Amino acid sequence: QVQLVESGGGLVQAGGSLRLSCAASGSIRRIDTMGWYRQAPGKQRELVSTITRSGSTNYAEAVKGRVTISRDNAKNTVYLQMNNLKPEDTAVYYCNAMIMATSGLWLDRWGQGTQVTVSS
């Protein structure tokens, strides 16, 4: 069983900061790209940021300059530091990872989501 567990969401005022974490656990051989996505009420899920195993990053235009993604390969964990948060950042944030299980199978796994609410 391979799973992702997110933490760190919450309620914050506009201009504030939050740090999300996502830890992968289970029968894992390696993890390639990890990322964060978000889904606001009534909207489709959208990319926030991704990071490859070697550390190459990608950001959505809406969050560039305010968000930093990082990972700790030894801990199978990805982080999302979000600064200068805006009300439009309010959404459920989901962690995603491409994981090779010890069986050799590649798995596309999602976390359960963590709510981020930014008040104006």
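**Asn 84 and the strands around it**

Modeller: Start with Asn 84, which sits in the loop between S8 and strand S9 (91–101). Strands here are DSSP runs of E, at least two residues long, and helices are runs of H or I, at least four long; both are numbered from the N terminus. This is a predicted model, where local features need pLDDT of at least 70 and side-chain atom pairs 80 or more, while totals for chains, interfaces and linings use all residues. Residues are numbered from 1 along each chain as its sequence is written, and side-chain values use heavy atoms, without hydrogens or water.

Colleague: Why is Asn 84 called partly exposed?

Modeller: Its relative accessible area is 44%. Buried means under 20%, exposed means over 50%, and partly exposed is in between, with a 1.4 Å probe and protein chains only. So Asn 84, at 44%, is partly exposed.

Colleague: What makes the Arg 38 pairing with Glu 46 a polar contact?

Modeller: The two side chains come to 2.7 Å. The rule asks for a pair of N or O atoms within 3.5 Å; within protein, one must be able to donate a hydrogen and the other to accept it, and residues adjacent in sequence count only if both atoms are side-chain atoms. So the 2.7 Å pair qualifies. The side chain of Arg 38 also makes a polar contact with that of Asp 89, at 2.9 Å.

Colleague: Which residues is Arg 30 in contact with, beyond its neighbours within four places in sequence?

Modeller: Arg 53, Met 98, Ile 99, Met 100 and Trp 106. Contact means heavy atoms within 4.5 Å. Arg 30 is in S4 (residues 28–39). The C-alpha atoms of Arg 30 and Ala 101 are 7.1 Å apart, across 71 residues of sequence. The side chain of Arg 30 makes a polar contact with the side chain of Asp 32, at 2.5 Å.

Colleague: Why do S9 and S10 count as paired?

Modeller: Two strands pair if DSSP finds at least two bridges between them. S9 and S10 (residues 106–110) have five, in the antiparallel sense, so they pair. Ala 97 stands opposite Arg 109 in S10. S9 and S10 form a hairpin with four residues between them, and Gly 104 in the turn has a positive phi of about 100°.

Colleague: How many helices and strands does the chain have?

Modeller: Zero helices and 11 strands. The radius of gyration is 14 Å, close to the 14 Å of the globule rule for 120 residues, so the chain is as compact as a globular protein of that length. The radius is taken over C-alpha atoms, and the rule is 2.2 Å times the number of residues to the power 0.38.

Colleague: What share of the chain is buried?

Modeller: Buried residues make up 42% of the 120. Among contacts between residues at least 6 apart in sequence, 56% join residues at least 24 apart.
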